[in-house]
Amino acid sequence: MSRYNHVLSIEGQSHLFNAYRRGLHQVDESVVFALDCLGRGEQNWDAGLAEEFRRTLIESGYVVDDEFDEHQVLLKERELIRLSEVTVALTIAPTIDCNFACPYCFEGGDKPQLRMSSATMDAVVHFARSQITEATQGLAVTWFGGEPLLGLKQIEEMTAKLKEQIVDQRHLQYNASIVTNGYGLTRKIAERLRDLGVSHAQITLDGTAEHHNRRRFRKGGDATFDRIVQNIVASRDLLNISIRVNVDSENRESFTPLVKYLYEELELHDQVRVYPAMMRDDGSETWGKAYSCMSDYTADQVALHREAVQHGVRVLHYPQAMRLYCGASKPKFWVVSPTGDLHKCWDTINDPSRAVGNVSTQRVDADGHDQWLQWSPFQHEKCRQCSMMPLCMDGCPHHAFQQGGDPQCDQWKFGLLESIEVWVQDRTQATAQQASLNPSRASTTS
Ligand code: SF4
Ligand code: SF4
């Protein structure tokens with residue numbers, strides 16, 4: 001039997017869910033009983049089970065041969081992705097400087113105003129070239145900060161160097177994205193970014209104007225919400241925009257009103273994707289409203305999704321297959337600070353003591369790098385025994401290192417049933433809406 005099966009009771013009906021295959025099947029009690037028998041090692045587990053149910057159990061991966069080693073399959077899939085050299089990924093911060101003064105920023109309030117120098121950019125190009133192998137087909141760049149748009153000149157110069165000296169010479173594909181606070185992302189700048197190969201922007205909002213402006217203000221205190229939203233509307237046809245909503249105990253109630261405002265009032269439903277993200281307590285005590293544990297956040301996230309669905313807003317959230325939690329475990333994934341420090345994780349970029357090398361020497365500290373490369377769910381007994389592994393793959397390595405190497409479970413561990421319940425509710429609602437819009441179709445399908 002698969003080690004990833006879950007029996008869920010949704011609206012009084014038994015459902016089977018398999019975390020590897022991710023199918024969801026409503027079943028009757030005979031199927032649950034048969035799986036129970038199989039779990040106890042009974043030979044005749046399927047005696048009396050209708051043939052169609054028996055077939056579903058096998059074809060949907062709930063029942064697997066004893067010789068089928070699911071760990072080996074997952075490990076192989078993970079390693080294929082982890083060790084792939086098809087894309088070399090660089091997250092580059094042209095500056096750590098920022099025009100905002102968010103009180104909770106993990107990079108601190110007193111950021112250096114430094115911009116990446118031309119010499120460092122040349123060294124980044126040299127380093128990036130050293131990462132290209134015969135198998136490489138593309139270079140993926142994420143512009144990060146601070147606020148990367150404060151280093152637009154550096155983005156322009158660096159893009160030109162990467163394209164001329166690597167992408168064109170090696171005939172690679174080039175793709176770029178940007179993580180920005182959105183304040184400087186006017187239509188003109190979005191056009192410029194698009195011309196520089198940037199196709200995607202991640203912008204953060206902290207809820208409706210009232211909440212956002214209390215937390216994400218400019219240095220000097222000016223509000224930022226209206227201008228960011230104006231920029232999103234103006235740039236939506238130029239860039240794929242996703243809106244991350246930082247959620248904590250202070251602003252969680254403004255998630256649904258924000259989504260309604262963006263999707264319904266501004267009619268951005270088809271053009272931007274809005275999703276909640278956990279504000280995690282980093283122990284700095286500067287904010288004090290963030291979540292210190294994933295189970296609390298998951299409970300609130302499920303409540304937010306439920307509330308959104310009740311308001312008729314679709315925030316689809318079905319478990320996705322996870323094979324590698326973060327690129328930090330890949331040998332061909334690098335984060336580069338404005339001084340040329342090489343990191344593996346976005347969250348360590350402002351801490352030189354966590355660097356694993358520097359482009360100026362082109363040297364990488366093998367031990368420091370190996371710590372990230374060797375992080376694996378298969379090393380941890382709790383993960384090996386875990387029925388959620390294909391949805392989590394042992395979570396964020398950085399957060400685990402902060403907890404002495406203990407893997408930090410992802411949301412599914414705490415809210416699988418509830419999340420799927422909301423998803424089912426959403427689907428039922430969508431089908432009912434479709435039926436009311438098209439009653440003739442509804443009557444033929446029912
Ligand atoms: S915080 Fe975790 S998930 Fe994010 S980049 Fe760092 S290691 Fe990866
Ligand atoms: S970190 Fe937790 S949820 Fe993730 S695989 Fe390990 S035990 Fe399971």
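Visitor: Which residues does Trp-143 touch, not counting residues up to four places away in sequence?
Guide: In this predicted model, Trp-143 has its place in strand 5, residues 138-143. Leaving aside residues up to four places away in sequence, the residues that Trp-143 touches are Ile-92, Pro-94, Pro-148, Ile-155, Ala-176 and Ile-178.

Visitor: Does Trp-143 count as buried or exposed, and why?
Guide: A residue is buried if 20 or more other C-beta atoms lie within 10 Å of its own. Trp-143 has 27 C-beta neighbours inside 10 Å, and therefore counts as buried.

Visitor: Which strands stand at the edges of the open sheet?
Guide: The open sheet is formed by 10 strands with mixed pairing, in the order 9-8-7-6-5-4-10-11-12-13.

Visitor: How many bridges join strand 7 to strand 8?
Guide: Strand 7 covers residues 198-205 and strand 8 covers residues 240-247, and the two run parallel. Gln-202 stands opposite Ser-242 in strand 8. The number of bridges joining strand 7 to strand 8 is 6.

Visitor: How many charged residues are in the shell around ligand 2?
Guide: Ligand 2 is surrounded by 13 residues, the closest being Cys-383, Cys-386, Cys-392, Pro-407 and Cys-409. Helix 12 (381-384) and helix 13 (389-392) each supply at least two residues of this shell. By class, the shell has 8 nonpolar residues and 1 polar residue, and the number of charged residues is 4.

Notes
Residues are numbered from 1 along each chain as its sequence is written. Chains are lettered from A and ligands numbered from 1 in the order in which they are written. This is a predicted model: local features need pLDDT of at least 70, side-chain atom pairs count only at pLDDT 80 or more; totals for chains, interfaces and linings use all residues. Two strands pair if DSSP finds at least two bridges between them. Helices (H or I, at least four residues) and strands (E, at least two) are DSSP runs, numbered from the N terminus. A residue is near a molecule or strand if its C-beta atom, placed from the backbone, lies within 6 Å of it. Ala, Val, Leu, Ile, Met, Phe, Trp, Tyr, Cys and Pro count as nonpolar, Asp, Glu, Lys and Arg as charged, and the others, Gly among them, as polar. A residue is buried if 20 or more other C-beta atoms lie within 10 Å of its own, exposed if 12 or fewer, and partly exposed in between; C-beta atoms are placed from the backbone. Two residues are in contact if their C-beta atoms, placed from the backbone, lie within 7 Å.
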